[in-house]
Amino acid sequence: MKNQCILSPSILAADFACLGEEVRAAVRGGAEYIHFDVMDGAYVPSISFGMPVLKSVRSVTDRKLDVHLMIMEPERYIEEFVRCGADLITVHLETLQDPERTFRMIRSLGVKAGVAINPETSVHTVIPYLSMVDMVLIMTVRPGFGGQKYLDSCTEKIRIVRDAITQKGLSTDVEVDGGINDDTLPIVLEAGANVIVMGSSVFRGDAYENAKHFMEMLKNR
Ligand code: DX5
Ligand code: ZN
């Protein structure tokens, strides 16, 4: 069975002065997830936002909150993010001492578990964990900032991970994050991605119109 295609707008690119309106507009345009980028200034150079902001976003939408933790020792905060409203928590494989234990911990809290890998991390490192997670996130830019250019070298990784999932008969989602726009969306879909993160492509300009436009592209694929 083919996985459903899902749009997950990243609020990192939203106007925080009216965050609630921005989220509502993306949801009205059809977004099923809202992507929430947490950065600690250690694992990645920048610092973004955390629990209080997640709580506020939770209060304005019933859509799934897709929390992407770009932080060291993510286990310290998982429970708290679940309490603040996360539905799906993705951790970076590069930050985990005992990946299996972390995935079990996330799932035991009643939310979905995702595992992310950076552009320079080999795709083969993630293959042993496919049955232990609900989603694999292939980073298509170096994590840390929105608005970067899609790295072509990542397309093959999407294909490899999707093929492995199919071969094993699993239903794991494949998410892509970074530099997705009108030109790169067809490429990642063709390679096998089905959860599409978009920061600037949705929130630069009219979030409702942009989300609607990309939802059309996802439906007509
Ligand atoms: C980057 C973040 C992304 C970012 C994507 O580290 O993980 O979610 O918001 O932004 P765009 O879509 O603008 O590349
Ligand atoms: Zn992200």
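Reader: Which strand gives the most residues to the shell around ligand 1?
Author: In this predicted model, β2 (33–39), β3 (64–70) and β8 (195–198) each supply at least two residues of that shell. The strand that gives the most, with three residues, is β2.

Reader: How many residues of the shell around ligand 1 are charged?
Author: The shell around ligand 1 holds 20 residues, and Asp-37, Gly-144, Asp-177, Gly-199 and Ser-200 come nearest. Eight residues of the shell are nonpolar and 10 are polar. The charged residues number two.

Reader: What percentage of the area that ligand 1 exposes when taken alone does the protein bury?
Author: Ligand 1 sits in the largest pocket. There, a polar side-chain atom of Ser-10 lies 2.8 Å from an oxygen atom of the ligand, and a polar backbone atom of Gly-144 is 2.8 Å from an oxygen atom of ligand 1. Taken alone, ligand 1 exposes 390 Å². The share of this area buried by the protein is 98%.

Reader: At what distance from an oxygen atom of ligand 1 does a polar side-chain atom of Asp-37 lie?
Author: Asp-37 is among the residues that come nearest to ligand 1. The pair consists of a polar side-chain atom of Asp-37 and an oxygen atom of ligand 1, and the distance is 2.7 Å.

Reader: How many residues apart are Phe-16 and Phe-49, which form an aromatic pair?
Author: The whole structure has three aromatic pairs. Phe-16 and Phe-49 form an edge-to-face pair, 5.7 Å centre to centre with 85 degrees between the planes. Phe-16 is in the loop between β1 (6–9) and α1 (19–28), and Phe-49 is in the loop between β2 and α2 (51–60). The pair links distant parts of the chain, with a separation of 33 residues.

Key:
Residues are numbered from 1 along each chain as its sequence is written. Chains are lettered from A and ligands numbered from 1 in the order in which they are written. This is a predicted model: local features need pLDDT of at least 70, side-chain atom pairs count only at pLDDT 80 or more; totals for chains, interfaces and linings use all residues. Side-chain values use heavy atoms; hydrogens and water are left out. A residue is near a molecule or strand if one of its heavy atoms lies within 4 Å of it. A polar contact is a pair of N or O atoms within 3.5 Å; within protein, one must be able to donate a hydrogen and the other to accept it, and residues adjacent in sequence count only if both atoms are side-chain atoms. Accessible areas come from the Shrake-Rupley method with a 1.4 Å probe; for residues, only the protein chains shown count as cover. On a 1 Å grid over the protein atoms alone, a cavity is a set of points where a 1.4 Å probe fits but cannot get out, and a pocket is an open set with protein on both sides within 12 Å along at least five of seven lines; lining residues have an atom within 4 Å of a point. A molecule sits in a cavity or pocket if more than half of its atoms lie within 2 Å of its grid points. Helices (H or I, at least four residues) and strands (E, at least two) are DSSP runs, numbered from the N terminus. Ala, Val, Leu, Ile, Met, Phe, Trp, Tyr, Cys and Pro count as nonpolar, Asp, Glu, Lys and Arg as charged, and the others, Gly among them, as polar. Rings of Phe, Tyr and Trp (its six-membered ring) pair if their centres lie within 6.5 Å; planes under 30 degrees apart count as stacked, over 60 as edge-to-face and the rest as tilted.
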